[in-house]
Amino acid sequence: MRYIILLVLFFGISCTSELKNSESTEIPIFLIGSFQDDYDVSYFISDSLFEMEDHTKLHILKWDIKEQYFVGQNDSLNPYDPLLYTKIEWMEFEDMAPFEWGFCMSVFNASSLDSAITVRTANRDAPKTGCGGYPFSRMKRSD
């Protein structure tokens, strides 16, 4: 009986540590936590939630670490585009302290998860204009 319990615990822990639908096994730590952008907008990001201020939530369904994006479904209570799909592409910054990374909301109103995934907007070679002609939103850690 102990053997079965240990196996269940082992496989349960192993399975929960993997990312949903992702080729990688680990979300970069710099993407997780509380942040503030260039415009003093507050964010909270976990492995399953992207929250902007207290009114916009994205339930993350897919992480692609290699391609540097995540995709999710907008919360049903969001003021804009509830239950549609959003793709967020990110990039890490160098020599831009206190801003560690930035994101581009490539699409925020896709009709399906698959259609959101196929959108390719971000140009990481031009972070000042690489988000559909606009800059990436620069993120710094907040306390």
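## Salt bridges

The model is predicted. Counting a side-chain nitrogen of Lys or Arg within 4 Å of a carboxyl oxygen of Asp or Glu as a salt bridge, the total comes to three.

## Arg138 and Asp38

In one of these salt bridges, the side chains of Arg138 and Asp38 meet at 2.7 Å, N to O. Arg138 belongs to strand 8 (residues 137-141) and Asp38 to the loop between strand 1 (33-37) and strand 2, so the contact ties together parts that are 100 residues apart in sequence.

## Glu89 and Arg124

Glu89 and Arg124 form a salt bridge in which the closest N and O atoms are 3.8 Å apart. Distant parts of the chain are linked by this pair: Glu89 is in strand 6 (residues 85-92), while Arg124 is in the loop between helix 2 (113-118) and strand 8, and the two are 35 residues apart.

Glu89 has a relative accessible area of 3%, so it is buried, the cut-off being under 20%. Arg124, at 24% relative accessibility, counts as partly exposed.

## Glu100 and Arg141

A salt bridge also joins Glu100 to Arg141, with 3.8 Å between the closest N and O atoms. Glu100 sits in the loop between strand 6 and strand 7 (101-110), and Arg141 sits in strand 8; this pair, 41 residues apart, again links distant parts of the chain.

Glu100 counts as partly exposed at 30% relative accessibility. For Arg141 the relative accessibility is 39%, and this residue is likewise counted as partly exposed.

## The barrel

How are the eight strands arranged? They make a closed barrel in the order 1-2-3-4-5-6-7-8, and the pairing is antiparallel. From one strand to the next, the twist averages 35 degrees.

## Salt bridges and strands together

In the remaining pair the strand residue is Glu89, in strand 6, and the loop residue is Arg124.

Definitions and conventions. Residues are numbered from 1 along each chain as its sequence is written. This is a predicted model: local features need pLDDT of at least 70, side-chain atom pairs count only at pLDDT 80 or more; totals for chains, interfaces and linings use all residues. Side-chain values use heavy atoms; hydrogens and water are left out. Two strands pair if DSSP finds at least two bridges between them. Helices (H or I, at least four residues) and strands (E, at least two) are DSSP runs, numbered from the N terminus. Axes are lines fitted to C-alpha atoms, for helices over the stretch in contact, and angles run from 0 to 180 degrees between N-to-C directions. Buried means under 20% relative accessible area, exposed over 50%, partly exposed in between (1.4 Å probe, protein chains only).
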